[in-house]
Amino acid sequence: MSEPIKLTTPLTEDQTRVLRAGDQIRISGVVYTARDAAHKRLVELLDQKQPLPFDMDGAIIYYVGPTPGAPDQVFGAAGPTTSYRMDAYAPRLIALGLRGMIGKGNRSPEVVDAMKQHGAVYFAATGGAGALLAKCIVKSETVAWDDLGAEALRRLEVVNFPVVVAIDAEGTSLYGNQAME
Amino acid sequence: MRELSVATIATHLEILINQASFNLGERELCALREAQARESSASGRAILSELLQNADIARLEGRPLCQDTGVALVFLDIGQDVHIVGGDLQPAIYRAVRNAYQDNYLRKSMVEHPLARKNTGDNNPPIIHIRIVPGEQVRMRFAAKGGGCENMSRIGMLTPSAGREGVMDFIVRTVCEAGGNPCPPVVVGVGLGGNFEKSAMLAKEALMRPLGDHAEREDDAEMERELLARINAEGHGPMGLGGTTTALAVHVISHPCHIASLPVAVNIDCHSHRHAEVIL
Ligand code: SF4
């Protein structure tokens, strides 16, 4: 495998369009956390034509519900949750400029179509590597919906967060690719 | 009649929850190491090595292995010569779950109603399975069961004509269609026979068997070997991103069933196969 590509947020369409499925990536900068309940609320805000709690343009959303940290930790464990549960909501966020999503598992054709159209990429992080991934998160603050507990919307600062491009902006996917290297 | 206090049971449950959440078992570690040595895909090997590193970090730094610290699953096999004293058993178990999830900074993942979806705040209630067995001991087992892999589980009410091939196809299809969602490499628990609910219970019980041990019946053990080979030949690999390690083990438990039925339940667990047990 070749050297990982380093990316710093926010991402531009020029940056994401050149990424290819299989590229190893290290992300630094800001990523936002949202999972099932937060996605539902984001889309409700859009339906009501209300402003969103953060700027979607160029953003990365990480599908994660971390464990609370011990006193000396930001979080204890913070690995990805399964992405398909966000498929119903993701296309609308991608249309607003969401450039990257981090999760695990395959996406729906509707999400992949939106990614192709708007130049977004889907990154996979290693599910169940929660302890390892939590070490790459240096700061967290709650942006909205503290009542959701583990599902609250948070702004994270990450350093060299390891992911792989699982589906690129051309729609090429590693899932179902059974070819062995 | 031997007396055993609910406080003793609760204290030990707290210890089991702590053990399972931070320490991957020796068999699981061995299975991951062996898989890493055999895995044909470079990216698959990289993922397996991340999982081994993750287990080290969890143990050494006191971080949960995975952020989904699960539904608390408690199995109690209570000897019929044991008298449980010192209060009611169920509230004691609930207290232990609350304390362990709070004190160890584990994630609280339970909602009080499937549709209203308000978090209960303390990971209660656990799911408790109690059996009465001979003897004067209590065997308590704990598992932290993640939601991602549980969601990929299935029951098929097949008909007898489906036969062994039909059963095997159903199991392989269930694991393969799950793709990367349940965090492969997975452990596959199969309950074969019984009826609708019994098959599901057997599949869960199969997951509790020490990793890689085979079924007692030789025909079931043979099916386990064939299923593992077939699943891994499909090429989904670690995290579904390609490779030869999609499952670490397949555990089958069979049971008599009705002349008209052929139930088969497939319960999937992820590589973060967290369980612990104690005999009291
Ligand atoms: S499937 Fe298992 S390893 Fe993956 S996120 Fe859920 S609990 Fe963790």
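Across all chains, the whole structure holds 36 salt bridges (a side-chain nitrogen of Lys or Arg within 4 Å of a carboxyl oxygen of Asp or Glu). This is a predicted model: local features need pLDDT of at least 70, side-chain atom pairs count only at pLDDT 80 or more, and totals for chains, interfaces and linings use all residues. Residues are numbered from 1 along each chain as its sequence is written, chains are lettered from A and ligands numbered from 1 in the order in which they are written, and side-chain values use heavy atoms, with hydrogens and water left out.

**Ligand site**

- The ligand lies between chains A and B.
- Residues near the ligand (one heavy atom within 4 Å) include K104(A) and G128(A) from chain A.
- Chain B residues around the ligand include C66(B), Q67(B), D68(B), C183(B) and R274(B).
- By class, this shell has 5 nonpolar, 4 polar and 3 charged residues. Here Ala, Val, Leu, Ile, Met, Phe, Trp, Tyr, Cys and Pro count as nonpolar, Asp, Glu, Lys and Arg as charged, and the others, Gly among them, as polar.

**Salt bridges**

- Side chains of opposite charge can pair when their charged atoms come close.
- R17(A) pairs with E13(A), with the closest N and O atoms 3.0 Å apart.
- R17(A) and E13(A) are about one helical turn apart, because they sit 4 residues apart in helix α1 (residues 13-17) of chain A. Helices (H or I, at least four residues) and strands (E, at least two) are DSSP runs, numbered from the N terminus.
- R17(A) is partly exposed at 29% relative accessibility, and E13(A) is partly exposed at 33%. Buried means under 20% relative accessible area, exposed over 50%, partly exposed in between (1.4 Å probe, protein chains only).
- R35(A) and D36(A) form a salt bridge at 3.5 Å, N to O. R35(A) is buried at 11%, while D36(A) is partly exposed at 23%.
- E218(B) bridges to R225(B) at 2.8 Å between the closest N and O atoms.
- A salt-bridge network links D77(B), R131(B), R139(B), R141(B), E205(B) and E277(B).

- K108(B) lies in the loop between α4 (89-103) and β4 (127-133) of chain B.
- K108(B) is buried yet has no salt bridge, and the nearest side chain of opposite charge, D103(B), is 8.4 Å away. Lys and Arg count as positive and Asp and Glu as negative; His and the chain ends are not counted.
- A polar atom of the K108(B) side chain lies 3.3 Å from the backbone oxygen of Y101(B).
- Q73(A) sits in the loop between β3 (60-62) and α3 (90-95) of chain A. Q73(A) is buried, at 13% relative accessible area.
- The Q73(A) side chain reaches the backbone oxygen of E61(B) at 3.4 Å.
- Neighbours within four places in sequence aside, Q73(A) contacts (heavy atoms within 4.5 Å) E61(B), G62(B) and R63(B).

- Most residues other than glycine have a negative phi, and most peptide bonds are trans.
- The N124(B) to P125(B) peptide bond is cis, with omega near 0 degrees.
- The P184(B) to P185(B) peptide bond is cis, with omega near 10 degrees.
- R117(B) has a positive phi near 60 degrees and is exposed at 53% relative accessibility.
- C183(B) has a positive phi of about 60 degrees. C183(B) is buried at 6%, in the loop between α6 and β7 of chain B.

Terms used
A polar contact is a pair of N or O atoms within 3.5 Å; within protein, one must be able to donate a hydrogen and the other to accept it, and residues adjacent in sequence count only if both atoms are side-chain atoms.
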